[in-house]
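Walk through this model with an eye on how its parts are held together.

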Amino acid sequence: MGTVSAASEPRDTMNKITSRIDAITGIPLAYRHEYLPAPKSCKIEITANCNYKCRFCVRTLREQDGEMDRALYSRLIRELRTAGVEELGLFYIGESFTLKWLPQAIKEAKDVGFPYVFLTTNGSASTPSRVRDCMEAGLDSLKFSLNFPDAKQLAEVAQVGEQYWQRAVNNLKAAFTVRQDGKFTCGLYASSIAFDGEQGQKMKALVEEIRPFVDEHYWLPLYGMSGASKAAGMKPGAGNPGRLDKMRDPLPCWAVFTEAHITVDGLLAACCFGSGIEGDLIMADLNKVSFTTGWNSEAYRALRKAHLNKNVTGTACESCVAG
């Protein structure tokens, strides 16, 4: 691969992925209300399929597969952009690199006018050719989620073959070369859960190995995934506090105020972990109403009021905030 150094392709502070994350999780004053302007960011689940079956993932509770209808996708991204959404994440719970028309989805989003289109991947299906196609389509950010320190643990938790672990690491490194060779401007990032003890030390070693191939790496705390972590025997903290170095209070939760989440079947969910498992997490059916209408639905406004009052007793958020 020759000399590899992310520092050879510097990215300014405002474009750092951590700066973008903090801007969303911080809940600006303009978004601390029941009735809100369009969110700056939205994640849309173009596929619910995933090649992993992680025991801690909310997907194990939802048991939903399939792809988003392309006509629905086309309609929604135009409504989102018209409303003022600037950052579009083409993922949610599923693994988007398993979707054949992912590059076309990226290109359409860029053609519609989104300034920033981003992806998170487990890395196993993001082969160099697929990454190249996505970067050519205009992808602005690609983040690898690396949460397993070795192949054995990945196989046990994600219920896949051990070869998937090295495949993901290799694909991350290859993405750097794809970017260099193609002179693409797509940001490359990685995140990992900050475990303690021996597992934490192993994760740090892995991070040091991949760090030269990404623009930034950041750590995440272990959080709830709507009960899936608890079901897997883990002990997550309360709420969704954001990244480890800039953790937020569980109430009010930023997910209800500054980022929209659309499921594969077109439901607008209040939480990036809930994904519509519990009916009271669904704020609107975007097959029946526009995004703008759904974003300020009666259900959404009531839930935001509870968060602003820092009392979510009796709501779908109660168990998550309790930790």
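Start with a charged pair. The side chains of D215 and R179 meet in a salt bridge, at 2.8 Å from N to O. D215 sits in the loop between α8 (197-210) and β6 (216-220), while R179 belongs to helix α7 (residues 163-182), so the pair ties together parts that are 36 residues apart in sequence. R179 is buried, with a relative accessible area of 1%. Salt bridges with shared partners also join R20, K40 and E87 into one network. Keep in mind that this is a predicted model.

The structure holds 14 salt bridges. Another of them pairs the side chains of R243 and D22, again 2.8 Å from N to O. R243 lies in the loop between α9 (228-231) and β7, and D22 lies in helix α1 (residues 17-25), so this bridge ties together parts that are 221 residues apart in sequence. Are the two partners buried or exposed? R243 has 13% relative accessibility and counts as buried, because the cut-off is under 20%. D22, at 16%, counts as buried too.

Now take a local pair. K107 forms a salt bridge with D111, and their closest N and O atoms are 2.8 Å apart. The two are four residues apart in helix α4, which means that about one helical turn separates them. An α-helix has 3.6 residues a turn, so residues three or four places apart point the same way. Side chains of opposite charge can pair when their charged atoms come close. K107 is partly exposed, with a relative accessible area of 45%. D111 counts as exposed, at 55% relative accessibility.

Step back to the whole chain. The chain has 12 helices and nine strands. Of its 323 residues, 54% are buried. Consider contacts with a sequence separation of 6 or more: residues 24 or more positions apart account for 72% of them.

Next, look at helix α3. Its 14 residues (70-83) should span 20 Å at 1.5 Å a residue, and the end C-alpha atoms are 20 Å apart, which agrees. Which residues of α3 are buried? They are L72, Y73, L76, I77 and L80. Seen down the helix axis, these buried residues fall within an arc of 125°, so they line one face of α3. On the other side of α3, A71 and T82 are exposed.

What does the buried face pack against? The buried residues of α3 pack against β1 (41-44), β2 (87-89), α4 (102-112), β7 (259-262) and α10 (291-295). The ends of α3 have their own details. D69 caps the N-terminal end, where a side-chain oxygen lies 3.1 Å from the backbone nitrogen of A71. After the helix comes G84, with a positive phi near 120°.

Y73 leads on to the core. In soluble globular proteins, nonpolar side chains tend to be buried together. Here the largest nonpolar core has 92 residues, and Y73, L90 and I262 touch the most other members. The largest share of this core, seven residues, comes from α7.

K43 is worth a stop. This residue is in strand β1. K43 is buried, with a relative accessible area of 17%. Beyond residues up to four places away in sequence, K43 touches G89, F91, F118, E259, A260, H261 and I262.

T47 is found in the loop between β1 and α2 (59-62). Is T47 buried or exposed? T47 is buried, with a relative accessible area of 1%. The side chain of T47 reaches the backbone oxygen of G66 at 3.5 Å. Apart from neighbours within four places in sequence, T47 is in contact with G66, E67, G94, E95, S96, T98, L99 and V264.

Technical notes
Residues numbered from 1 in each chain as written. Predicted model: local features only at pLDDT ≥ 70, side-chain atom pairs only at ≥ 80, totals over all residues. Heavy atoms only, no water. Expected span 1.5 Å × (residues − 1). Buried < 20%, exposed > 50% of the residue type's maximum accessible area, 1.4 Å probe, protein only. Arc of directions from axis to C-beta. Contact = heavy atoms within 4.5 Å. Polar contact = N/O pair within 3.5 Å; in protein donor to acceptor, adjacent residues only side chain to side chain. Salt bridge = Lys/Arg side-chain N within 4 Å of Asp/Glu carboxyl O. Core = buried A, V, L, I, M, F, W, Y, C linked by side-chain atoms within 4.5 Å.
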